[in-house]
Amino acid sequence: MTAAVEQVAGRSLWQDAQHRLRRNRAAVIALMLIIGITALSIVGPWAAPHPYDTLNYDFIAIAPNLAHGFFLGTDAVGRDLFVRILYGVRISLMVALAATTVSLTIGIVYGAVAGYVGGRLDEAMMRVVDVLYSLPFMFFVIILMVVFGRNIILMFLALGAVEWLTMARIVRGQAMSLKNREFIEAAIAAGARTPTIIRRHIIPNLLGPVVVYVTLTIPQVILVESFLSFLGLGVQEPLTSLGVLISEGADEMETAPWMLIFPAATLAVLLFSFNFLGDGVRDALDPKDR
Amino acid sequence: MSETILRVEDMKVHFPVRVGAGWGGKTLPLKAVDGVSFLLRRGETLGIVGESGCGKSTLGRAILRLIDPTAGQVAWLGEDLASLDKAAMRQKRRQMQIIFQDPLASLDPRLTIGEIIAEPLRELEPTLKRAERRARVEDAMARVGLLPQMINRYPHEFSGGQCQRIGIARAIVVRPALIICDEPVSALDVSVQAQVVNLLMDLQRDLGLSLLFISHDLSVVRHICHRVLVLYLGRVMELASSRALFDQPRHPYTKALISAVPIPDPEVAHRPILLEGDLPSPLAPPSGCVFRTRCRYATDKCAQIRPALEDVDAGGHQVSCHHWKEIAS
């Protein structure tokens, strides 16, 4: 009998937020740009007329040239800039994704436990974070690179290892404020144990600010990666990243400005998009604090 | 008389509070509940009344060990709860549940109400199968007047009164013997208050529940409670059956409280007993009788000797006042 009654599907807070995000034009455009650039960086290299690492001695540092299929020109050793930019975007996004995943996983669990359990455990856990925070990041990366050699995996780890610290602090603050809410007390009265409470009640309720922070971390990580690559600590030739391309372009900017302009513009568009998306997500999740 | 299911003996809850900053500061005990004793029978409703900050909610939470009591005993069917370890206490939670003051805040906004109501079952009766759990949730929803098709909705889609019904459904789903109601209606509209109070009374009759009804609203307490306990600064001032307390209050504080209840009739001359001054700080409670600073009958004796709870009659009416006999008229 009860089965005959139609059940009304409720709208969760996430669905509400999605709805609000969809009405924010800047955020939607930013999201589409990000999806477009990502898709292009994945599919583009196959479709492009030139591989990313072939040296074309006949076409050294030429301006954009549609006739020969160099849409954005070539670099100082005659490699197709368009494909190289797509590869650069790929690497940058991969680094961003990996570093963010690492920081999310460690940061959320660490922060939620410290914040919810509190007391001495919290003190100890947060002092560890403070100590790691005080290590100079560049120094840390340089030492890693010197000891283990230049390696892109290592860079993922190094970035992730640094980014989770901030994440843990944000999550801990959220967990501490959630801890005193009545529904947590209700869960204790319902017999829920600490791990269950953290998993079922604390973590889902602090994801809002975390998502916002993630959309703002991604551009930051991309920027740091570009900076490391610019310094020569990033990816190795013939692979490339946006930072490397910009660094090479900067050397030639008087004679071949396109070598600087195109990678720099790509980076700028990517960063803008992430920042707009981040703002949009924040507004969507928390319509009160616009 | 039915059996006693809960006996609270000399319960004390003290919170350490740091006064003054830095090295010069010291830690004082804030005596939120200071030596409260009472007993509760099966199927009975005991009201706990008092001003804000008198320790009503703390008392309720300490019984459930949501806050650890500093001293005293909580005997549940003869077994002391205060000395149980966490795991054993968890098993006892099946028999005692709580309803909170703020209906929306006590529901996790990320869960559907089906998941919220199922949580105590999931934790305390893990052997139930999915379908059985679902049936129990729907049964609890029906009992509190929620439609079964609402099961997949989220708390923010409900009104305050409906949220409180969800809270009640969560409390009764494990079929407890005792529900502690921590000001369950004070956040609701008056029209909804009546519905929720009547719902609680119906549930009590149908399920044989004992209720510990914490409230500051005396008219609600008079309506629902069999006996009433009056708290002031964490101590018991008076304990009596509802009728005796409202017809013949013995303690000057109870008298003042009852006279402050508005009478909904403009023809009746209403002259409440006004209490002077503010509630003293629970960090530095007055010596002797804690109420003496605001009591118009206070004498030197009140400042020196802490009054014990005395029997007024054979019916279980108890009062803690040195002068109750003189001021009886």
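User: What percentage of the 329 residues in chain B is made up of buried residues?

Analyst: The model is a predicted one. A residue counts as buried if 20 or more other C-beta atoms lie within 10 Å of its own. Across the 329 residues of chain B, the share that is buried comes to 44%.

User: How does the radius of gyration of chain B relate to the globule rule, and what is its value?

Analyst: Chain B contains 10 helices and 12 strands, and its C-alpha atoms fill a box of roughly 65 × 60 × 45 Å along the principal axes. For 329 residues the globule rule gives 20 Å, and the value for chain B is close to this, so the chain is as compact as a globular protein of that length. The radius of gyration of chain B is 21 Å.

User: Why is helix H9 (residues 242–251) of chain A largely enclosed, and how many of its residues are buried?

Analyst: Among the buried residues of H9(A) are A:Leu242, A:Val244 and A:Ile246. Their cover includes H3, helix H8 (194–230) and helix H10 (258–285) of chain A. H9(A) is largely enclosed by the rest of the structure because the number of its residues that are buried is 8 of the 10.

User: Which element provides the largest share of the side of chain A that touches chain B?

Analyst: In the contact between the chains, 24 residues of chain A meet 29 residues of chain B. Two elements of chain A give two or more residues to its side, namely helix H7 (182–189) and H8. The residues on this side divide into 12 nonpolar, 7 polar and 5 charged. The largest share, 7 residues, comes from H7(A).

User: In the open sheet of 4 strands in chain B, which are the edge strands?

Analyst: The strand order is E2-E1-E4-E5 (chain B), with antiparallel pairing. Strand E4 (residues 71–76) of chain B and E5(B) pair over 2 bridges, and B:Trp76 stands opposite B:Glu79 in E5(B). An edge strand pairs on one side only, which here identifies strand E2 (26–41) and strand E5 (79–80) of chain B.

Conventions: Residues numbered from 1 in each chain as written. Chains lettered and ligands numbered in written order. Predicted model: local features only at pLDDT ≥ 70, side-chain atom pairs only at ≥ 80, totals over all residues. Buried ≥ 20, exposed ≤ 12 C-beta atoms within 10 Å, placed from the backbone. Contact = placed C-beta atoms within 7 Å. Nonpolar A, V, L, I, M, F, W, Y, C, P; charged D, E, K, R; others polar. Rg over C-alpha atoms; globule rule 2.2 N^0.38 Å. Pairing = 2+ DSSP bridges.
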